Amino acid sequence: MTTQTVEYIRYRIPEARSAEFLAAYTRAARHLAASPHCVSYELARCEDDFGHFILRIIWTSTEDHLEGFRTSDLFPEFLAEIRPYVGDIDEMRHYKPTSVRGRGSAEPTLYEWAGGAEAFARLTSVFYAHVVKDDLLGPLFADLPAEHAEHVALWLGEVFGGPSAYSEQHGGHSHMVAKHIGKGITEAQRRRWVNLMHDAADEAGLPTDAEFRSAFSAYVEWGTRLAVYFSGPDAVRPAEQPVPLWNWGVVSPPHSSPSGD
């Protein structure tokens, strides 16, 4: 799995040229958006000195930027738009994210929005009460430990931005996926699991707004598909990874895909 890289390009553009500069990057951005190596981009302007601009581009990797985008048919057209401003660049470098990261308190986490620990405890209690009685999933959970629902509540709580209780008490992502090895989960069982989880979310009173349910559904789909893979005959327990952190539309950090990329 490659690690994303962040490219920062700092410009110093005279006020008289700023309008044409922004227009040029509006056109150039189409070529960035079309590249399979570009994750996202943003051009920001300094509030304290309008002549300073910073372009932030997240690439799938440094190599993908230099050997992929720059050798593609998109690059000459991109460069043609911004070429008049190359001499105004103060810095153009790649940066790797560090472990120092987090979210501010201005935006609630999905965990907080859902209602915290009590909400996830209700969710898993309701969910597993249905699972053990289900004709398709019941046999898969025949020997379900009494504390299983509590552990999954801790897992989900941490995934959605709550306390790191699961990591501290049980381990990280590798520990969770290892529980599925050898289970042979079928696609039909995965779909039933997803459906019952959505029903349990309704019954447990989790928020029903589109934004929350979209993020919740995205994790349920991602997590269950990963579980199916790691339950298969060729699965190997991955190296230790942190619990994935899910928020309003983004997962961080990215975890290994079934292909190992």
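A crossing of two helices is called right-handed if the near helix is turned clockwise from the far one by less than a right angle, and left-handed if the turn is anticlockwise. The legends below use that term for several helix pairs of this predicted model.

**View 1. Helix α5 against helix α9, a right-handed crossing.**
The axes of α5 and α9 come within 8 Å and cross at roughly 135°, which makes α5 oblique to α9. On the α5 side the contact is formed by Leu123, Val126, Phe127, Tyr128, His130 and Val131, and these residues meet Trp193, Leu196, Met197, Ala200, Ala201 and Glu203 of α9.

**View 2. Helix α5 against helix α6, likewise an oblique pair.**
The axes of α5 and α6 come within 8 Å and cross at roughly 135°, and the angle lies in the range for which the two helices are therefore described as oblique to each other. Their crossing is right-handed. Phe120, Ala121, Leu123, Thr124 and Tyr128 of α5 make the contact with His148, Ala149, Val152, Ala153, Leu156 and Gly157 of α6.

Helix α6, residues 148–159, has 12 residues and reaches 16 Å from its first C-alpha to its last, close to the 16 Å expected at 1.5 Å a residue. Because 9 of the 12 residues of α6 are buried, this helix is largely enclosed by the rest of the structure. After α6 comes Gly161, whose phi is positive, near 100°.

**View 3. Helix α9 against helix α10, a pair with a right-handed crossing.**
The axes of helix α9 (residues 187–203) and helix α10 (residues 210–230) come within 10 Å and cross at roughly 150°, which makes α9 roughly antiparallel to α10, since angles over 145 degrees count as such. From α9 the contact involves Arg190, Trp193, Val194, Met197, His198, Ala201 and Asp202, which meet Arg213, Phe216, Ser217, Val220, Glu221, Thr224, Arg225 and Val228 of α10. Among the α9 residues in this contact are Trp193, Met197 and Ala201, and these residues also take part in the contact of α9 with α5.

**View 4. Thr208, in the loop between α9 and α10.**
With a relative accessibility of 63%, Thr208 counts as exposed. The C-alpha atoms of Thr208 and Ala114 are separated by 9.4 Å, although the two residues are 94 residues apart along the chain.

**View 5. Gly182, in the loop between α8 (173–178) and α9.**
Gly182 is exposed, and its relative accessible area is 65%. Leaving aside its neighbours within four places in sequence, Gly182 is in contact with Phe230 and Ser231. Phe127 lies 55 residues from Gly182 along the chain, and the C-alpha atoms of these two residues are separated by 23 Å.

**View 6. Helix α1, with a kink centred on Arg27.**
Helix α1, residues 18–33, has 16 residues and reaches 22 Å from its first C-alpha to its last, close to the 22 Å expected at 1.5 Å a residue. The kink in α1 is about 25°. Ser18, Phe21, Ala24, Tyr25, Ala28, Ala29, His31 and Leu32 are buried in this helix. An α-helix has 3.6 residues a turn, so residues three or four places apart point the same way.

**View 7. Phe50, in the loop between β2 and β3.**
Phe50 counts as partly exposed, at 46% relative accessibility. Leaving aside its neighbours within four places in sequence, Phe50 is in contact with Glu15 and Arg45. Phe50 and Pro14 are 36 residues apart in sequence, whereas in space they are 8.4 Å apart, C-alpha to C-alpha.

Key
Residues are numbered from 1 along each chain as its sequence is written. This is a predicted model: local features need pLDDT of at least 70, side-chain atom pairs count only at pLDDT 80 or more; totals for chains, interfaces and linings use all residues. Side-chain values use heavy atoms; hydrogens and water are left out. Helices (H or I, at least four residues) and strands (E, at least two) are DSSP runs, numbered from the N terminus. The expected span of a helix is 1.5 Å times one less than its number of residues. The bend at a residue is the angle between axes fitted to the seven residues ending there and the seven starting there. Buried means under 20% relative accessible area, exposed over 50%, partly exposed in between (1.4 Å probe, protein chains only). Axes are lines fitted to C-alpha atoms, for helices over the stretch in contact, and angles run from 0 to 180 degrees between N-to-C directions. Angles under 35 degrees count as roughly parallel, over 145 as roughly antiparallel, 65 to 115 as roughly perpendicular and the rest as oblique. Contact means heavy atoms within 4.5 Å.
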